[in-house]
Structures are given as C-alpha cells and as structure tokens.
Amino acid sequence: MSHIRRSRPWALPERLATPERIHADRRQVLRTLGLGTLSLALPSIASAAEPADDVAAMTAPAIGSRFADLFPAPRSDAWSLGDRSLTPEQRAASYNNFYEFTLDKAKVWKLAQAYELKPWTVEVRGLVKKPKTFDLDALMKLAPLEERLYRFRCVERWAMQVPWTGYALSKLIDACEPLGAAKYVTFQTIHDPSMPGVASQPWYPWPYVEALRLDEARHPLAFVAVGIYGHAMPMQHGAPWRVVTPWKYGYKSPKSIVALEFTAEQPSTFWNDAQPDEYGFYSNVEPHKPHPRWSQRFETDIGTQEQRETLLYNGYADEVGSLYTGREV
Ligand code: MTE
C-alpha cells in the first residue's frame, strides 16, 4: 500500500542528507548508515521484468542518426566467446545498472531513453603533456571502429555476452599524451543533478568515477565502446561512450564518461570509496575470492538463465594474467 511510509535502510536522517555534508565526511555517513547500505544488490535474475514490446525505442541510439554511417563496424575475430551464445539485445538493453537513473534494473532503459543528451565533450587533465578536450566527432573518429564480442560479468553474479563497437582504449590513452609520471587514469562520468537517481539518492558519492592502472588501460582488451549490437549506444548502456574491461567486474566499466584524469597516485573510485571492504580498486573477476556477502564461484547468464562456474579473469586469464601478482584487490 503506497500510502504507508516504510523505513528504508538507506533513508538518511535529514541532517546528514546534504551533499555538502556527505562530501565533507563520506565515511562517517557510511558508518552512520551501517555496513552494506550503499552496496550493489544481489538481484533475483529470474524475477527481472521481461523486455517491453517497443524494442526500437529500447535500443535507440541516444545520439539519434549522427554517425550512423560508422555502423555496423567490421567484426574482429580476435576475441571469441568460446561456447557461450550472444545475449539477445532486448535482454541486455532491459537489465541494466546505471544508478544515476534508478537502482531498478528493469526500469533503467525507460528513464535513460527519456534523458536528453546534451552536446558531449571529454576533458583530459592531470599528468598530460597538455590538457585538452575532445568533442564527440573527435572521439567517434579517433580510430577505425571494430566490433568485438566480449563476456561481461557483474559483481552481483549475473553475466552476459555482447557485441561492443569501438576501438582499443590504448588509442585514446595515446591521444591524451600522458606524461611518464602518470601511473593511473580516472574516468569521470556524467554528473547531472537532474538525473532521477542522482536527485533521489544524494548520499552516493557522485559523480560515478572509475580508474585503471595505466598498464591495464593500455591492455589490448580494454575498450572504448561507442556502440553495441551494431549501432551507436543507447543511453542505458552508457551513451555516448563508455569503457569496457571484460576481465573485471562490471562496475569497472564506467558509462557516459566526461573526463579523463592522469595521476601518479592510485585515485579513489565510486564503489571503492563507498564500500572499500566490498569493492576493491582492482576488482578482477576471481571465482575463489568471495564477496563478503556472497560467493563468486558461480554466475547466471541473463540470456539463457544458465548457471555456470565463474572463470578466472572472466575467461581472459591468458590475456591479462601477466598484469597481476594475484594479490591485487
Ligand atoms: N557507470 C555509471 N556511470 N553508473 C553506474 O551505475 N554501473 C556499473 C557499470 N557502469 C554504472 C556504470 C555496473 S555495477 C555495471 S554491472 C555495468 O555498468 C552494467 O552495464 P550494462 O547496464 O550496460 O550492462
């Protein structure tokens, strides 16, 4: 009954629910809230809403027909899904994590598709030869587009296989001209207080930021995705572009990026900042390293509903294993 006010675990006392206070002392807020309240949820995959009928609306590129001539891009045969099948587009497009819109995975696409994308730029700052800004045209045409089929594994134990369109992240990193002292790159995503999830959840440490060690970012698997399923990106997948690192949990793949910052020190990131004991900086897919609240040994495919064993580095151990000592968290 909707008129009954329930106490919600994440409801903050008024005196704490101001962004200023949260920025002043996020950790105090977290302690006040209690462990786990800002965490990613463990979803019930089977109970997710079925895709709506209006597939065209659900999958429409957020930039409309701009750059349509760049799609579909030729598919690279360098990356294979092994014995896994591609996830149906409607399924991937209607089961999303994009907290700036809502925590309800089935509702993200509708809220996101209603969002009006403003002209996009990407600022480059920090330890670079010269700070600069890319506009969307420069970003879309920075390198020839290709399609790659990647596995994708969320920390919440669901997985999918999708065709991303874009180019190697190393191309963008090179174009940013980082200085030799730069060891990390941070991706800052869109911060618009009018987005429904930002407006209604001021206790999160907005904006959503993620970061990689520079050698990870330069790894050939790390990808700038400007499209999915053969067309430019729909908003719910992170239009107009996002980063994809398929050997890491999905939250290390930030959506709708507006700035890159190069630093010598390891930067703080959204989930690591919110819950450091649950979400490490590296967050590689490692089946034998349980999340504090659940095992990571198994995963469920959101397309086929199949339950299967989680693979080390999400099946990319041969490619990325040499980046790590095994002690990274
Ligand atoms: N990027 C932003 N800006 N905001 C988010 O909430 N969620 C992350 C990641 N990138 C998130 C984000 C998480 S937890 C996951 S699992 C993936 O996006 C989900 O990507 P998908 O919805 O395209 O499948």
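Predicted model: local features only at pLDDT ≥ 70, side-chain atom pairs only at ≥ 80, totals over all residues.
Me: Where in the chain do tyrosine 99 and tyrosine 204 lie?

Reply: Tyrosine 99 belongs to the loop between helix 4 and helix 5, while tyrosine 204 belongs to the loop between helix 8 and strand 6, so that the pair links parts of the chain 105 residues apart.

Me: Are these two tyrosines buried or exposed?

Reply: A residue counts as buried under 20% relative accessible area, and therefore tyrosine 99, at 6%, is buried, as is tyrosine 204, at 3%.

Me: What kind of pair do tyrosine 208 and phenylalanine 270 form?

Reply: They form a stacked pair, with 4.7 Å from centre to centre and 25° between the planes. Tyrosine 208 is in the loop between helix 8 and strand 6, whereas phenylalanine 270 is in helix 10, 62 residues apart. Tyrosine 208 is buried at 12% relative accessible area, and phenylalanine 270 is buried at 1%.

Me: Which residues form one aromatic cluster?

Reply: The cluster is formed by Tyr99, Tyr204, Trp206, Tyr208, Tyr251, Phe270, Trp271 and Tyr279.

Me: Which ring does the charged end of arginine 151 sit over?

Reply: The charged end of arginine 151 sits over the ring of tyrosine 316, 4.5 Å from the ring centre.

How values were computed:
Residues numbered from 1 in each chain as written. Heavy atoms only, no water. Helix = DSSP H or I, 4+ residues; strand = E, 2+ residues; numbered from the N terminus. Buried < 20%, exposed > 50% of the residue type's maximum accessible area, 1.4 Å probe, protein only. Phe/Tyr/Trp six-rings, centres within 6.5 Å; stacked < 30°, edge-to-face > 60°. Lys NZ or Arg CZ within 6 Å of the ring centre and 35° of its normal.
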